[in-house]
Structure formats: C-alpha cells, structure tokens
Amino acid sequence: MEKDCGAWINLLSHKVKARLNAMLQDLGITAVQSRVIYYILAHYEEGPVFQRDIERVFGLSRSTATGILQLMEKNGIIRRESVARDARLKSLVPTERAFELAEKVQDCFRLTDQMLTCGISEGQIQLFKETASQMLRNLDHWEECTSHPSSTEDLVH
C-alpha cells in the first residue's frame with residue numbers, strides 16, 4: 001500500500017527529530033529545544049518573546065510548551081523576566097548559554113537541511129516548500145477544505 005502525504009510527513013518528521021536529537025545530545029538539548037532557542041534568539045531583540053509565541057509558532061499545547069521552557073530555564077538556556085506592563089507576563093530571555101549553543105545549533109540545522117535536500121534540485125526544493133506551506137494552510141482551514149464536494153467524497157468513500 002502506498003503511503004499517503006500524512007504518512008510521509010510523519011516519517012520525515014520522526015527521522016529529522018531523531019537525527020537532530022542524536023547530533024545535539026552532546027550539547028544537552030533536544031531537537032525541539034534547539035528550534036525554540038533559535039526562535040528566541042532570532043526574535044527577542046524585536047520585542048519580548050512570550051510562551052504564547054512559542055505555542056503558536058511551533059503548534060504546541062500550553063502544557064507541552066511549559067515543560068520545554070521549564071527544562072530550558074532549569075538548564076540555564078533561558079530566563080523568564082517579568083514585563084513592566086503586566087507582572088503576570090514573563091518574557092523569555094536567552095542566557096549566555098543560549099548564545100554559546102547558537103552556532104552549534106545552526107550548524108546542525110544546516111547539516112540536516114543538506115542531508116534532506118541532497119540530490120534534489122532548487123526548483124524541487126522550492127516546490128516542496130510551497131506545497132508544504134499550502135498543506136499547512138489547508139490544515140489551518142480544515143472546515144473549508146472538507147466542505148468542497150471532491151474533498152468530502154474522498155473522505156466518505
């Protein structure tokens with residue numbers, strides 16, 4: 001039986017996470033922590049980065065994001081600082097350790113991307129990115145996509 005798109009995406013996701021986890025193990029961080037570090041470093045100078053930003057960008061539940069961020073805080077990668085306008089809000093601030101990890105994390109991303117795209121043309125890579133982006137939008141607008149007759153016929157049969 002041929003794999004559907006969801007199965008291929010799931011397989012790729014698991015393999016990428018496993019490879020990144022193996023490469024990052026010596027640094028004491030996981031693949032998802034590395035992505036969060038990268039995001040915080042890329043955005044914290046533009047303004048405060050909050051847990052809800054991490055939840056939204058990575059599609060994480062509140063409890064999952066809390067667990068990841070608590071571990072990163074415990075391991076000295078980030079600090080939570082109160083925001084002047086609302087003491088309940090805590091911005092996520094990278095520590096010196098985050099900056100030390102940044103280059104190694106970026107190297108891991110670069111190597112993983114090279115391995116993923118080996119033997120694939122620039123045009124194919126661009127098409128993949130456009131297709132994946134459309135698939136993400138489709139999932140974000142599930143009701144609209146399943147209300148089309150051709151889509152629902154496929155689901156029913």
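In the residue classes used on this tour, Ala, Val, Leu, Ile, Met, Phe, Trp, Tyr, Cys and Pro count as nonpolar, Asp, Glu, Lys and Arg as charged, and the others, Gly among them, as polar. The model is predicted: local features need pLDDT of at least 70 and side-chain atom pairs count only at pLDDT 80 or more, while totals for chains, interfaces and linings use all residues. Residues are numbered from 1 along each chain as its sequence is written, and side-chain values use heavy atoms, with hydrogens and water left out.

**Second largest pocket**

Select Trp 8, Leu 11, Leu 12, Lys 15, Val 16, Arg 19, Met 23, Leu 111, Thr 112, Met 115 and Leu 116, which line the second largest pocket. A pocket here is an open set of points on a 1 Å grid over the protein atoms alone, where a 1.4 Å probe fits, with protein on both sides within 12 Å along at least five of seven lines; lining residues have an atom within 4 Å of a point. The elements giving two or more residues to this lining are α1 and α5 (helices are DSSP runs of H or I, at least four residues; strands are runs of E, at least two; both are numbered from the N terminus). The largest share, 7 residues, comes from α1. By class, the lining of the second largest pocket has 8 nonpolar, 1 polar and 2 charged residues. Its space is about 270 Å³, a volume being the space filled by probe spheres set on the points, which are joined across faces, edges and corners.

**Largest pocket**

Next, select Ile 9, Leu 12, Ser 13, Phe 128 and Ala 132, the lining residues nearest the centre of the largest pocket. The lining of the largest pocket divides into 23 nonpolar, 13 polar and 6 charged residues.

**Asp 53**

Now go to Asp 53 in helix α3. Asp 53 is buried, at 15% relative accessible area (buried means under 20%, with a 1.4 Å probe and protein chains only). Show its side chain, which reaches the backbone nitrogen of Phe 50 at 2.8 Å. Beyond neighbours within four places in sequence, Asp 53 is in contact (heavy atoms within 4.5 Å) with Tyr 39 and Pro 48.

Key. Buried < 20%, exposed > 50% of the residue type's maximum accessible area, 1.4 Å probe, protein only. Polar contact = N/O pair within 3.5 Å; in protein donor to acceptor, adjacent residues only side chain to side chain.
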